[in-house]
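Student: Could we go through this one together, a residue at a time? I'd like the cut-offs spelled out as we go.
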Amino acid sequence: MSKKVLVITGTVSPAEKSFSLSLTNRFVKEYKSLNPNDEIINLDLNKEEMAHKTLSRENFGTYFNEQDALKYINQLKEVDKVIISSPMNNFNVSGLIKNYLDHVLLADQTFSYKYVKQGDAKGLLEHLTVQILTTQGAPFGWYPWGNHTEFLKGTWEFVGANVNEPILFAGTKIAPISTMNPDEAIDQIADKIIEVAKKF
């Protein structure tokens, strides 16, 4: 039975210079070779007005509206899998990804606090399987407080999703990776991408 796969990208880098887009494109290519009948739905947050809206005191009353929140929540409810891709920007996910998450992390829509123990919640997106693809300029561990991969993993697990093994491609601003174009660089982890795609 074919699946619907939502691919969410949120890099602000030019496409031809983006390591996260190269990683995403390579993963999707491998996934499609294994699952040729699945439907791929692309969501580039650069093109979504919602992802440019940051929650503030001034817009709190209208932030979670039909067009900016429920539309994207319903999309998550209608797909089977999510591939979400983000570079590290200032030690976290990109602002576009953060704004997207702020819109879709809505009580009684994607999670519920009802009938749970203190400090816990029930995720309402248990039907989803999620693949996290991340990149960062520094080698892994250089900035222990900035782990955007774990942030994304914990967030999707919070809403009940089953998270496949994440892929982090680190050190993109350090030689020799910094001297390569993104596609050449991603070649270095081609085997890992194939391995993880088989499990997704």
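Student: Where is the place of K192?

Tutor: K192 lies in helix α6, which spans residues 190-199; helices (H or I, at least four residues) and strands (E, at least two) are DSSP runs numbered from the N terminus. Before going on, note that this is a predicted model, in which local features need pLDDT of at least 70 and side-chain atom pairs count only at pLDDT 80 or more, while totals for chains, interfaces and linings use all residues. Residues are numbered from 1 along each chain as its sequence is written, and side-chain values use heavy atoms, with hydrogens and water left out.

Student: Why is K192 called partly exposed?

Tutor: Because its relative accessible area is 29%, and partly exposed is the range between buried (under 20%) and exposed (over 50%), computed with a 1.4 Å probe on protein chains only.

Student: Which residues is K192 in contact with, leaving aside neighbours within four places in sequence?

Tutor: K192 is in contact with E165 and I167, where contact means heavy atoms within 4.5 Å. The side chains of K192 and E165 are also joined by a polar contact of 2.6 Å, that is, a pair of N or O atoms within 3.5 Å, where within protein one must be able to donate a hydrogen and the other to accept it, and residues adjacent in sequence count only if both atoms are side-chain atoms.

Student: Switching topic, which residues does the UniProt annotation "binding site" cover?

Tutor: In the unreviewed UniProt entry, that annotation covers S18, F19 and S20; positions are given in the numbering used here, feature names are shortened, and annotations may be inferred rather than shown by experiment.

Student: And are F19 and S20 buried or exposed?

Tutor: F19 is buried, with a relative accessible area of 15%, and S20 is buried too, at 2%. Not counting residues up to four places away in sequence, S20 touches T11, S85, S86, P87 and T135, while the contacts of F19 include T135, F169 and I186.

Student: Last one: how many residues has the largest nonpolar core?

Tutor: That core has 28 residues, and V82, Y100 and W156 have the most contacts inside it; a nonpolar core is a set of buried Ala, Val, Leu, Ile, Met, Phe, Trp, Tyr and Cys residues joined through side-chain atoms within 4.5 Å. Helix α3 gives the most to this core, with five residues.
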